[in-house]
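Reader: I have a structure on my screen and would like to learn how to read its features. Could you walk me through a few?

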Amino acid sequence: MKHLFTFSFFASSVFCASQLYGLNYNPKRQDGSCPNVYQVQDDLKVLAPYTNRLRIYSVHDCNQGEPVLRAIENTDWKVSLGLWVNQDDSVYEADLQELLRLAGVFDFKKQVDAIVVGSESIYRKEQTAEQLAAKVLRVKSELSKIGLQEIPVTSSETWPTYYQPLIDAVDFVNMHGFPFWEGVSVDGANDKMFEHIHDLQAAAKGKRVVVGETGWPSDGDNYGSADTGLANAQRYMQQFVCRANKENIEYFWFGAFDQSWASTNNASNVESHWGIILNDYVSPKFQQPLYSCGDDSNSSLLPNGESGSSSTGSGDYPSNDVYNGESEAVAGYASRRCRHRY
């Protein structure tokens with residue numbers, strides 16, 4: 001049966017000036033178990049003061065696509081649905097088939113913002129740019145067959161591994177950028193982040209560039225000149241969000257909840273400290289408001305999602321003969337950072 005519900009706090013009055021454009025969300029529980037629709041509904045109640053957009057990384061893993069879509073029915077929530085891609089193509093196939101099944105059950109035109117094919121699979125050296133581009137094009141073809149060709153399809157990659165074949169295949173560029181993992185101090189982090197954004201805007205040749213992941217850990221070990229901590233995490237958020245608003249750049253903050261199950265097999269032991277909500281899934285981590293921008297930084301994102309900024313970079317991103325080697329940019333992008341999101 002369908003679980004119909006509404007939230008009175010979805011009224012516009014709850015979305016204050018510090019609302020985030022979107023949040024990366026994994027509905028798994030703190031023990032790593034799979035969620036049910038009621039638990040997702042509880043999560044949405046906690047997250048509603050911050051955003052009404054989510055991105056998930058897989059519709060098949062933990063069968064999380066169905067409870068998320070069920071929970072947002074008859075609400076103003078939107079979701080970007082992920083298909084996980086690694087070296088085992090059967091994982092992608094399972095996600096794709098589950099996506100098509102869900103498309104026959106739920107109103108994708110109302111609730112789904114985008115389909116995200118893969119997350120950092122080129123960065124993890126599990127796919128080439130051409131292989132991933134082919135998967136993107138196949139998803140677009142399958143959606144077109146069932147009348148959903150207007151739903152944009154993209155892929156998420158780190159800024160140095162978003163190569164031209166993938167840029168050419170996607171409907172918009174969905175980039176990940178973490179100045180923390182470049183060992184950049186919080187003082188220079190936002191200039192570094194927007195340098196990457198502007199370079200990708202130039203390479204995208206008019207396609208929209210969305211920040212699919214960015215954030216700063218509130219605890220754990222430091223990385224180079226990048227210091228963890230609550231104050232630095234909120235400072236990075238303040239500077240990034242205000243500038244993104246000013247430049248009309250859409251973004252999904254990483255992430256929604258601190259997650260105890262997240263991998264600790266990385267250089268800085270920070271993976272469980274990226275959320276805006278603590279690992280009890282209830283308590284806010286940061287002081288309110290999350291950020292405060294000057295009047296000239298509070299411009300609304302354009303309705304069509306196009307960036308209002310001009311690009312400062314130039315030229316194409318690396319072509320298909322570059323990513324077969326270890327480029328300086330990729331090598332410098334914290335090769336020991338956590339490589340898994342689900």
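Author: Gladly, and let us start with burial: a residue is buried when its relative accessible area is under 20%, exposed when over 50%, and partly exposed in between, using a 1.4 Å probe and protein chains only. D61 is buried because its relative accessible area is 17%. Please keep in mind that this is a predicted model, where local features need pLDDT of at least 70, side-chain atom pairs count only at pLDDT 80 or more, and totals for chains, interfaces and linings use all residues. Residues are numbered from 1 along each chain as its sequence is written, and side-chain values use heavy atoms, with hydrogens and water left out.

Reader: Which residue does the side chain of D61 meet in a salt bridge?

Author: A salt bridge is a side-chain nitrogen of Lys or Arg within 4 Å of a carboxyl oxygen of Asp or Glu. Here the partner of D61 is K28, at 3.4 Å from N to O. K28 is also buried, as its relative accessible area is 11%.

Reader: How many salt bridges does a search of the whole structure find?

Author: The search finds 21. One of them joins the side chains of R101 and E98 at 2.9 Å, N to O. Both residues sit in helix α3 (residues 89–103), 3 residues apart, about one turn of the helix. E98 counts as buried because its relative accessibility is 10%, whereas R101, at 38%, counts as partly exposed. Salt bridges can also form a network: E66, R70, E73, E98 and R101 are linked in this way.

Reader: Is K145 buried or exposed?

Author: K145 counts as exposed, because its relative accessibility is 62%. Its side chain meets that of E142 in a salt bridge of 3.5 Å, N to O. E142 is buried, with a relative accessible area of 18%. Helix α5 (residues 129–145) holds both residues, 3 apart, about one turn of the helix.

Reader: What does Q259 touch?

Author: Contact means heavy atoms within 4.5 Å. Leaving out residues up to four places away in sequence, Q259 touches N26, Q30, S272 and Y281. A polar atom of the Q259 side chain lies 3.3 Å from the backbone oxygen of N26. Q259 is in the loop between β8 (251–253) and α9 (328–331), and counts as buried because its relative accessibility is 12%.

Reader: At what angle do helices α7 and α8 pack?

Author: Axes are lines fitted to C-alpha atoms, for helices over the stretch in contact, and angles run from 0 to 180 degrees between N-to-C directions. Helix α7 (residues 186–204) packs against helix α8 (residues 230–246) at about 35°, with their axes 9 Å apart. Among the residues making the contact are F194 and I197 of α7 and Y236 and F240 of α8.

Methods
Helices (H or I, at least four residues) and strands (E, at least two) are DSSP runs, numbered from the N terminus. A polar contact is a pair of N or O atoms within 3.5 Å; within protein, one must be able to donate a hydrogen and the other to accept it, and residues adjacent in sequence count only if both atoms are side-chain atoms.
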